[in-house]
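Subject: Structure handover

Hello,

I am passing this structure on to you. Please look through it first; my notes on what was found follow below.

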Amino acid sequence: MVRFFKRSRHKPEPLVRELIKVVGINQVLYTAEDLIGYEYDATIERAAPEVVVLPHTTDEISSVVKICRQYNRPIVPRGSGSGLSGGSVPIKGGVVVSLTRMNKILDINIENRYAVLQPGVINLQLQDRLATEGFTYAPDPSSQRICTLGGNVANNSGGPHTLAHGSTVNHILELEVVLPNGDIARLGSRVLDTPGPDIRGLFAGSEGTLGIITEITAQIIPLPQSLKTMLAVFDTVTSASEAVSSIIRRGVIPVALEMLDQEIIKIVEPRIQAGYPLDAGAVLLIEIEGIPDAVDADSELVKAACEASGASEIRVATSSEEREKLWEGRKAAIGAIGAAYPAFYLLDGVVPRTKLPQVMEDVLAVASSYGFKCANMFHAGDGNLHPTLMFDPQNEGVLDRVLECAGEIMRICVDSGGAITGEHGVGLEKTSYMEWIYSQDDLDAMENIREAFGPADVFNPCKILPNGHGCAVGHAAEINIAMGGNQTSADIYI
Amino acid sequence: MKQLNFVGLDVPSTEDLQNCVHCGFCLPSCPTYLATGHELESPRGRLHVIAGIKEGRIDANTKTLQHLDRCLQCRACETACPSAVPYGRIMEDARASIMANRNSIQPRSWFIRSFLLRNILGHQKRLRVAISLGRLYSRSGLQDLIRGPLKKILPMKLVRLENSLPSLRKKPFRKSGSLSSPNIALDKVALLTGCIHGELYPEMHSSTVEVLDYMQIEVVAPVDQVCCGALHIHAGDAEASRKLARQNIEIFESSGASKVLVNAAGCGSAMKEYGRLLRHDEDWRERAEVFSGKVEDILEFVVKHKFDYQLGKVSDVVTLQDACHLAHAQKEKVAPRTILSAIPGLELREMSTPDRCCGSAGIYSIVQPDLSTQVLSAKLEDVLSTDAGTVCTANPGCTLQLEAGLRRESSDMDVRHVIELLAKSVQAGRDKTDM
Ligand SMILES: Cc1cc2nc3c(=O)[nH]c(=O)nc-3n(C[C@H](O)[C@H](O)[C@H](O)COP(=O)(O)OP(=O)(O)OC[C@H]3O[C@@H](n4cnc5c(N)ncnc54)[C@H](O)[C@@H]3O)c2cc1C
Ligand code: SF4
Ligand code: SF4
């Protein structure tokens, strides 16, 4: 006998009904079965929203914000959910505004060198489109295959090419945003200089706490005339770290300068066949671009610097396939760890470049004192580290030790004169580290900025600022521990 | 009422699920995510649902299962995933372990689907009767009438449904036994002629035989071979496909062929996975592994041999639609391109995303018509923008879907299996030497 399934007779709440009135039934999700898709990002944090709205226009977003204010529900903007700090996880419930359906490239203006984009445009989608015109958009997070431009601005994302071109904030000309009161504002302008303080800049790194970014005018640049990608092989992480400073000292700023250590090479190479020697202690992936003569001259300087630091091999990619392979290994590294280990905890810290050799030694020593394998693939040129601790979550009490170890590693970064996040944002997970690098006055000032836009609990509450600053949620580490153990899905623990 | 849950032999394994790190890299290659922008119509979302059901955090009810149901099982996400998540088998396992519940609590539509598949595809005779009726309809002129003058006055839904039917004018391919026996045979292979394939697209089989004959390969089509079971396994009916798998293994083993060749990518991929399908079956596990090791796609087989010694000219511009189950499941994107590039006079003009599903996906186009149409529309735009004369495929399902789509767009672009073009080139080569 076949039985009919009972239809859910769940009658939508008044909030949901009003939202449906504005954006239409197909743009609002409110059943438990649909909401679970919006309870996560690329971290372990989980919290389901009460409603998800998938708007198509800025006007719709403006109305949605006004309705949410009326019902006193917090709003969490969400791009692709590839964030690595719990930024788009609605820890206080409320309404998630998913921008995935606002994914049109509105205009590409080659003469004035800008592109006008909806916030849900995918980073790589933009680059691919621009490439057909001989142009590019410089910031290239390793997650560029999926992350949205809106998320990039909100997290001020960087990537391998940040070294020469700067992070997202350096490439944004104008933003259209919806503020906490539902007003639509345009910040900055399409020309290079705007008088007065740079309010547009405040949105870079705002992690969805100040408003929803609804349109982005981004600067575009011509593709380089010439490009060289090199792989330098070293016996130790220390000698590779020395080479990094030595390259910069010689006056070369490569567009990218990435390091992969032995542990990560062993994980990546068998899966991706990127061409990294399996017996290397560390490799540097170096890219130089510009006019052909300058590229040739710079690459000689880079070679000399690497050789002086003890490189055992320096290889220049001779075809675009070889170049892509070298990069694929770097960009797919995090995923490859996921294939090799049931769980891992990826940190994001910055240190002064010159301190790299010492910091790397200290980090590896701390990890091994806890008995963890630690893999490193990171933006060495910017001193932006991603030490990654691998572990088995089934082991009793392991999460405590991971977090303790991570804390010690963060301390090393801060003590060396660095900071607690290079590019992944503070989000939910690193709020308590904020006190390590900012004074109470600094934090108060940040809160004042937030409140200048509107009440702190309207957009993405409990993000960025630590306890006591508009939020009563404990440090994410405590949540992690509470969740620990019997997870079926592996996660990136930040 | 008993709660629906994952039960039985095929419950998705924790090890498989654990590989997913929620990075989202698979999202942009998922046709259903691209069409909807809805996280739960993405691979990451579906894996999250499956893991949640397994952990008991998420109810398996019609609403959650609908998200699993909307998956095309095209496995593009598997190719995109840097973490090697075996998405295809996780989804098959999830569906199978829902269908392992008592009939009375299975989702109604899932139950009906399996019932129909079991009672039609598993039965050659019934299938042939159904197809013969269709053929009668095609040849009677009624089809022309509906596609022509009557189109405007009939209800849209009916016209759309009718449009997805193939035109069945050709004589079916129902041969079995020895299909080709060259004087000096270099190898002997067995061909899967399939349940529905030879009925719909006889020329794919005749071309396959023609090419193999030219390559001096002896071909047999074992009598009594049965449907490969791919559609059953996709629908979650693991038991039915295990039964068919055992039958086929037995029959093909006795053919004495060194290889089992398949010219339908979906069937080939299922047969290459018989080993896993029968992994719990002590008596069959090893036999199934050995059998799966012998299965090859026809295009894969061709490029492993010398095939381009006497090809003639075929003047055409073609574009290639990668069959998902060849490109993503069998990880073979090179062979079809190697073959097309070897044909003199032929220009291969790639579309922008040749490895994105056309929305056919077995019976998907029938059970999820709306999403399938959306996926197809995106595909057609890409196909048509190449301005090619022919779009090549490697699977009858894709052919069916693309033909329907092109008809809808009133395009006269031709749809052909790669092997048909190769056969054409072989003929042209022969004609030239005969002269
Ligand atoms: C494998 C992997 C590699 C990564 N590599 C890098 C890297 O190299 N560099 C790097 O910087 N990051 C990296 N990331 C992190 C992440 O991809 C970036 O932070 C990215 O910018 C997030 O984009 P998203 O669209 O996924 O945003 P989400 O994760 O959805 O959101 C991120 C934050 O932005 C806010 N937000 C999103 N859209 C808007 C909007 N329109 N308006 C206002 N706020 C908004 C959210 O509220 C949230 O706080 C990586 C992630 C992964 C999984
Ligand atoms: S399936 Fe693979 S690509 Fe997709 S989210 Fe999981 S790990 Fe990432
Ligand atoms: S199999 Fe295809 S439709 Fe299903 S989740 Fe993967 S990419 Fe999407």
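Which helices of chain B each supply at least two residues of the shell around ligand 3? They are α3 (43-55) and α5 (76-80) of chain B; helices (H or I, at least four residues) and strands (E, at least two) are DSSP runs, numbered from the N terminus. The residues around ligand 3 are B:C30, B:P31, B:P43, B:R46, B:C71, B:L72, B:Q73, B:C74, B:R75, B:A76, B:C77 and B:Y87, where a residue is near a molecule if one of its heavy atoms lies within 4 Å of it. By type, the shell divides into nine nonpolar residues, one polar and two charged. Here Ala, Val, Leu, Ile, Met, Phe, Trp, Tyr, Cys and Pro count as nonpolar, Asp, Glu, Lys and Arg as charged, and the others, Gly among them, as polar.

Some notes on conventions. This is a predicted model, in which local features need pLDDT of at least 70 and side-chain atom pairs count only at pLDDT 80 or more, while totals for chains, interfaces and linings use all residues. Residues are numbered from 1 along each chain as its sequence is written, chains are lettered from A and ligands numbered from 1 in the order in which they are written, and side-chain values use heavy atoms, with hydrogens and water left out.

On confidence, the model scores ipTM 0.88 and pTM 0.91. Chain B averages a pLDDT of 90, and 95% of the residues score at least 70; pLDDT is the predictor's confidence in each residue, from 0 to 100. Among the elements of chain B, strand β5 (residues 295-297) has the highest mean pLDDT (98) and helix α10 (residues 156-163) the lowest (69). Where pLDDT is low, the predicted coordinates should not be read in detail.

Chain A: the sheet

Chain A has an open sheet of five strands in the order β5-β6-β10-β8-β9, with antiparallel pairing; two strands pair if DSSP finds at least two bridges between them. Its edge strands are β5 (105-109) and β9 (184-188) of chain A, each of which pairs on one side only. From one strand to the next the twist averages 15°. Four bridges join β5(A) to β6 (residues 114-117) of chain A in the antiparallel sense, and A:D107 has A:V116 in β6(A) as its bridge partner. Helix α4 (residues 123-131) of chain A packs on the sheet and touches β5 and β6 of chain A, its direction making about 40° with that of β5(A). Contact means heavy atoms within 4.5 Å; axes are lines fitted to C-alpha atoms, for helices over the stretch in contact, and angles run from 0 to 180 degrees between N-to-C directions. Helix α3 (residues 58-71) of chain A lies across β8 (172-178), β9 and β10 (212-219) of chain A, at about 45° to β8(A).

Chain B: the sheet

Five strands of chain B also form an open sheet, in the order β1-β3-β2-β4-β5, and here the pairing is mixed. β1 (177-180) and β5 of chain B stand at the edges with a single partner strand each, so one side of each is left without a neighbour in the sheet. Neighbouring strands of this sheet are turned by 35° against each other on average, direction ignored. β1(B) pairs with β3 (residues 217-221) of chain B in the antiparallel sense over three bridges; B:S178 has B:V220 in β3(B) as its bridge partner. Helix α12 (residues 202-214) of chain B packs on the sheet, touching β1, β2 (187-191), β3 and β4 (259-262) of chain B.

Chain B: strand β6

Is this strand buried or exposed? Five of the five residues of β6 (residues 316-320) of chain B are buried, so the strand is largely enclosed by the rest of the structure; buried means under 20% relative accessible area, exposed over 50%, partly exposed in between (1.4 Å probe, protein chains only). B:D316, B:V318 and B:L320 point one way from β6(B), and B:V317 and B:T319 the other way. β6(B) runs parallel to β7 (residues 346-348) of chain B, joined by three bridges, and likewise to β8 (residues 390-393) of chain B, by three bridges. B:V318 has B:L348 as its bridge partner in β7(B) and B:T390 in β8(B).

Regards
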